Amino acid sequence: MTFPRLQLRQETMLLLVLVLLVAIVGIINPSFLTYFNLFSMLKSSTVVGLFAIGFFIVLIIGGLDVSFAAIAVVAMYGTVTLANALFPDLSIWLLFGIAALMGAGLGAINGLLVTWLKAPSLIITLGTTSLFRGFLLYFVGTDTIRKVPSGMVEFSRTNILTLTADNGAKVGLHVSVLMFLLIAALVFFVMRYTTVGRSLYAIGGNRVAAARMGINVQRIEILAYTTAGLLAGIAGLTAAGVIRLANPQTLVGGELDVIAAVVIGGAAITGGRGSVIGVLLGTLLIVTTNNSLIVLGVSTVWQKVAIGALLLLAIGLPLFGQFSQRQRGTEP
């Protein structure tokens, strides 16, 4: 079976699992399929999805960046603090620009350290996670900011679609969903149709061969970590904008959901394989699973158990398949 056909099959099966899960939970509890719940799940998917796309870009080159939540908090809290002090009426899109620049800067630090020290990226990003958060909490502040710039207030109220629910209530699809889909489409285009995208896959597939092909490996690596930081910065401000609150203690702790979304979406943990469409489906599956357990009245403790089990299945099944193929190949 060729590589593209394998990808198509994995994504198709993931989509079928997602549809089946939605159908089963909807039958058990009809409130799951209401406009309010579906729109709420899509809005919840935006922050997880932005983190997942950034993590995916680094994973493709064979790296691991677990500092995305810390970068998001620094960018979010730093942007709101700066805007409140100097530009309280700045538009939301300029605020996103500031948060993206902060995130990109911190991501670039990750990339420079990884290429300079040549140490495992997991260790380096664990270190920068503590560094970034410690710097924020000590030098910037620890208080929750409840008064956010006017642009964020307007952003929190902006919907791209408003429908009337069965009970007559108005429910809206938040603009952050459209923003997330546009970013995902842009990353999909870059990964699939540009030299940069092909270079990322080539480095993850075989770093030495990629260098021999003339790819500037270090420059592409720094670009990957910078892009992941940029997306984390946007995700951080999105999270604060939706709830109109900047809390430096939030976002950290959800790393498992993000990693699970990317791996379940078909990205190889060793790099070189995966797709943006798979990441989107994996994100929807994780968010839907968490929401399903809430709707069904299952304790939130079991959410981590369910996500952990899905992650182990996503990693274990391909390994089991490879093991079976090797066994068949050695049989007389």
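Colleague: Are α2 and α10 roughly parallel or roughly antiparallel to each other, and why?

Modeller: A quick note before we start: this is a predicted model, where local features need pLDDT of at least 70, side-chain atom pairs count only at pLDDT 80 or more, and totals for chains, interfaces and linings use all residues. Residues are numbered from 1 along each chain as its sequence is written, and side-chain values use heavy atoms, with hydrogens and water left out. The axes (lines fitted to C-alpha atoms, for helices over the stretch in contact, with angles from 0 to 180 degrees between N-to-C directions) of α2, residues 35–60, and α10, residues 217–243, come within 8 Å and cross at roughly 170°. Angles under 35 degrees count as roughly parallel, over 145 as roughly antiparallel, 65 to 115 as roughly perpendicular and the rest as oblique, so α2 and α10 are roughly antiparallel.

Colleague: How many nonpolar residues does the contact of α2 with α10 have?

Modeller: Contact means heavy atoms within 4.5 Å, and residues meeting here include Leu 50 and Phe 51 in α2 and Leu 231 and Ile 234 in α10. For the classes, Ala, Val, Leu, Ile, Met, Phe, Trp, Tyr, Cys and Pro count as nonpolar, Asp, Glu, Lys and Arg as charged, and the others, Gly among them, as polar. Besides 4 polar and 1 charged, the count of nonpolar residues is 15.

Colleague: What is the handedness of the crossing of α3 and α5?

Modeller: Helices α3 and α5 (residues 121–140) pack at about 25°, with axes 8 Å apart. That makes them roughly parallel. A crossing is left-handed if the near helix is turned anticlockwise from the far one by less than a right angle, and right-handed if clockwise; this one is left-handed.

Colleague: Which residues is Leu 284 in contact with, leaving aside its neighbours within four places in sequence?

Modeller: Leu 284 sits in α12, residues 276–295, a helix that is mostly covered, with 15 of its 20 residues buried. Leu 284 itself is partly exposed, at 28% relative accessible area. Its contacts are Leu 18, Leu 42 and Ser 45.

Note on methods:
Helix = DSSP H or I, 4+ residues; strand = E, 2+ residues; numbered from the N terminus. Buried < 20%, exposed > 50% of the residue type's maximum accessible area, 1.4 Å probe, protein only.
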